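Here is my note on this model, written as numbered points. Keep the structure open while you read, and find each residue as it comes up.

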Amino acid sequence: MANVVVIGAQWGDEGKGKITDLLSRSADVVVRYQGGVNAGHTVVVQDQVFKLHLIPSGILYPETECIIGSGTVIDPQVLIEELDQLVTLGVSTANLLIAETAHVTMPYHRLIDRASEEKRGNYKIGTTGRGIGPTYADKSERTGIRVMDLIDREALPDLLRWTIAQKNVILEKLYDLPPLDAEAVIEEYLAYGDRLRPHVIDASLKIADAVKQKRNVLFEGAQGTLLDLDHGTYPYVTSSNPVAGGACIGAGVGPTIIDRVIGVAKAYTTRVGEGPFPTEALDETGEHLGERGAEFGTTTGRKRRCGWFDAVIGRYAARINGLDCLAITKLDVLDELAEIKVCVAYEIDGQRCDNFPAGSHQFAKCQPIYETLPGWQTSTSGCRNLEDLPKQALDYLKFLAELMDVPIAIVSLGASRDQTIIIEDPIHGPKRALLYENGQG
């Protein structure tokens, strides 16, 4: 039995959906613990593409219970669309469970999000405009609507009439937008509550029972470490805590039940939205990575910024999350390159810096210090064992593991489930020696 947290070790979009899907075959319960519809996980199964935003990737396994935890924010319209899409594709959603204490994204959240971002001008953050930040803001302000309210036909109308009256003042006076019709919103959201009611549970109790029964629980985060509200590149961050510690709060469990933390990182680096990006490749290499890696956001379709692997943020992610092992994704995207650069440190104002600076102003000054490794210039997409990899590709992976001082357990070489080298199953324990463990390759 193992309870495992899967986190993104970069700026999100690392391929957590595929890794969570792979690990879900060994899990009894999968819990999504934070974020909202601003996240997007793409899973490919036998050429069928599944794009998930709120529903945990484990939903593709019929026997796996999937829980949307209290730390998430739920847009019921999007969730219902996602449920309907899965049913159309022949996937059962009977095992989807929703925390009664999760907060609900409302129409005024989306309107305020977009209007606020527009008013920022040159200081925009690069949000998805899906209302995530304003939903979390209401949660902190203690004026939010929770799932338990959404399914309460007696309580919801009064709550929404009061809240919408307050939000209409902001929409009209601050953003010059038309007010919302409270009664229309109430009618719409009562219907959503009716649809979702059969899925609503006490999630913390459900997870606690699973742990007591020694079932395998997989905790799935959205976004990535560098987008964490407390530990990311603030203010260019999300509004929740994608780091491993966020799993305890977002799922409602104690830290003592977590057995392992696996970090997912691309073999290069990408980021979406605004903010500093020291290793960004603003040349043909960046274009090549974006084209080969199909680097467009699952949720927004926005083009991702691409660059070389950054071991400084990798070491930071290892420290913040307490990583036990790594999953390296999209190694195949580097197949055609003659040389591959890796950022091993930064230079700030003429001084070498080996650690991630907390302030965005200081981070923006960082110039990458690179080491260059030879490429392998042959396809790796068909490799299924470490022995199948070209020597240069294996050396590259070992170099990344050594820089981050974290062993590699999984290597992904394409979007499909089978395009994967599993060195170790983080849930069921070692199959064989990890790639780099305690300094040994």
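1. Start with the charged pairs. The structure, a predicted model, holds 25 salt bridges. A few of them are worth a look one by one.

2. Glu14 and Lys16 form a salt bridge, and their closest N and O atoms are 2.9 Å apart. Are these two residues buried or exposed? Glu14 has a relative accessibility of 1%, so it counts as buried. Lys16 has a relative accessible area of 3%, so it is buried too. The cut-off for buried is under 20%.

3. Glu65 pairs with Lys206 in another salt bridge, with 3.2 Å between the closest N and O atoms. This pair links distant parts of the chain. Glu65 sits in strand S5 (residues 65-68), Lys206 sits in helix H8 (residues 203-212), and the two are 141 residues apart. At 15% relative accessibility, Glu65 counts as buried. Lys206 has a relative accessible area of 30%, so it is partly exposed.

4. Arg352 makes a salt bridge with Asp354, where the closest N and O atoms are 3.0 Å apart. Arg352 reaches 53% relative accessibility and therefore counts as exposed. The cut-off for exposed is over 50%. Asp354 is at 35%, so it counts as partly exposed.

5. Leaving aside neighbours within four places in sequence, Asp13 is in contact with Lys266, Thr270, Val272 and Arg304. Its relative accessibility is 26%, so Asp13 counts as partly exposed.

6. An unreviewed UniProt entry lists Asp13 and Gly40 under "binding site". With 21% relative accessibility, Gly40 counts as partly exposed.

7. Now look at helix H1. Nine of its nine residues are buried, so H1 is largely enclosed by the rest of the structure. Among the buried residues are Lys16, Ile19, Leu22 and Leu23. Thr20, Asp21 and Ser24 are also buried in H1. Find Lys16 again: this is the salt-bridge partner of Glu14.

8. Next comes the sheet. Strands of a sheet pair through backbone hydrogen bonds, either parallel or antiparallel. Here, ten strands make an open sheet with mixed pairing. What is the order of the strands? Trace it as S9-S7-S5-S2-S10-S1-S11-S15-S19-S20. Strand S9 (200-201) and strand S20 (420-422) stand at the edges. Each has a single partner strand, so one side of each is left without a neighbour in the sheet.

9. Zoom in on one pair of strands. Strand S11 (residues 260-266) and strand S15 (residues 325-329) run parallel, and five bridges join them. Val264 stands opposite Ala327 in S15.

Notes: Residues numbered from 1 in each chain as written. Predicted model: local features only at pLDDT ≥ 70, side-chain atom pairs only at ≥ 80, totals over all residues. Heavy atoms only, no water. UniProt positions renumbered as here; feature names shortened; annotations may be inferred. Buried < 20%, exposed > 50% of the residue type's maximum accessible area, 1.4 Å probe, protein only. Contact = heavy atoms within 4.5 Å. Salt bridge = Lys/Arg side-chain N within 4 Å of Asp/Glu carboxyl O. Helix = DSSP H or I, 4+ residues; strand = E, 2+ residues; numbered from the N terminus. Pairing = 2+ DSSP bridges.
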